[in-house]
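Student: I'd like to learn how to read a fold, one feature at a time. Can we walk through one together?

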Amino acid sequence: FNGAGNYNAEKIFENWANPLEIVDPGLGLKQFPCCGSTHMAITMMLQLVEKHGLTPPRVKHIQVYSHPQRLPHTNRPTVSSALEAKFSVQYCVSRALMHGKVSIDHFEGDAWADEEAQRLLKLVEAGPHPTMTDKPWCAEVIVETVDGRELSEKTEYLMGRGKPNPMSEAEMRVKFEDCVTRVLPADRTAALFDRMLGFEEIGNLRDLTALCEAP
């Protein structure tokens, strides 16, 4: 459509379902319950925690680099509410270091006031990435440890958004359990996730929906 009387309705059906968008570009899943512009830095911190066994007492300073367009709404070195916590890359990275995950309960009630979280976010400095200026979803996290080492991880991609960089099964399980255990017991949640992984093989959907029933 380009003005009254100037349109081509046949274009609506060009490449119709070829492929289905659920296949390509695929599903986009929001991995963490906070601003998407913090997700890359969170993931890089989680990788550092997993690779090096990082714990808060071992960390002296954390440098977070993001694309400049991510910083106006996420560079929040002080946090005084749950909403501010969701938009503070300092807070989100601190929680990733503390727990090896970032969960819904980190943003509820007065969780933002947690003494250790408040201490850690003061160690986190955010700024624009010096070289990846053409990568809008880039992030680099550099950790200086108390024993003088420098550890870093970086990415150019937004996590969990389509085929180029999908969430792993383990990452999906963590998010699924974080959400669903608020309604279902842990054993039912785990069984439901496993059942959904084999969705195409389910003979009767009642076998699936029965697992969804809250006690």
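Predicted model: local features only at pLDDT ≥ 70, side-chain atom pairs only at ≥ 80, totals over all residues.

Student: Which residues of α7 are buried?

Tutor: Thr189, Leu192 and Phe193. Looking down the axis of α7, you'd find these buried residues within an arc of 100°, so they line one face of the helix. As for its length, α7 covers residues 186–197, and its twelve residues reach 17 Å from first C-alpha to last, close to the expected 16 Å.

Student: On to the sheet. What is the order of its strands?

Tutor: The four strands form an open sheet in the order β2-β1-β3-β4, and the pairing is mixed. β2 and β4 (150–155) are the edge strands with a single partner each, so one side of each has no neighbour in the sheet. From one strand to the next, the twist averages 15°.

Student: How many bridges join β1 to β3, and how many pair β3 with β4?

Tutor: β1 and β3 run antiparallel and are joined by seven bridges. The pairing of β3 with β4 is also antiparallel, and there the count is six bridges.

Student: What happens at the turn between β3 and β4?

Tutor: That's a hairpin with four residues between the strands, and Gly148 takes a positive phi there, near 90°.

Student: How should I think about side chains along a strand?

Tutor: In a regular strand they alternate between the two faces of the sheet. Here, check burial as well: six of the seven residues of β3 are buried, so that strand is largely enclosed by the rest of the structure.

Student: Which helices lie on the sheet, and at what angles?

Tutor: α1 packs on it, touching β1, β3 and β4, and its direction makes about 135° with that of β4. α4 lies across β1 and β2, and runs at about 130° to β1.

Student: Why would you call α4 largely enclosed?

Tutor: Count its buried residues: nine of the eleven are buried, so the rest of the structure largely encloses α4. Among them are Tyr91, Cys92, Arg95 and Leu97. The buried residues of α4 pack against α1, β1, α2 (71–74), α3 (82–86), α5 and β2. After the helix comes Gly100, with a positive phi near 70°.

Student: What does Val141 touch?

Tutor: Leaving out residues up to four places away in sequence, its contacts include Met44, Met45, Leu48, Ile62, Val64 and Leu151.

Conventions. Residues numbered from 1 in each chain as written. Heavy atoms only, no water. Contact = heavy atoms within 4.5 Å. Helix = DSSP H or I, 4+ residues; strand = E, 2+ residues; numbered from the N terminus. Expected span 1.5 Å × (residues − 1). Buried < 20%, exposed > 50% of the residue type's maximum accessible area, 1.4 Å probe, protein only. Arc of directions from axis to C-beta. Pairing = 2+ DSSP bridges. Axes fitted to C-alpha atoms, helices over the stretch in contact; angles between N-to-C directions.
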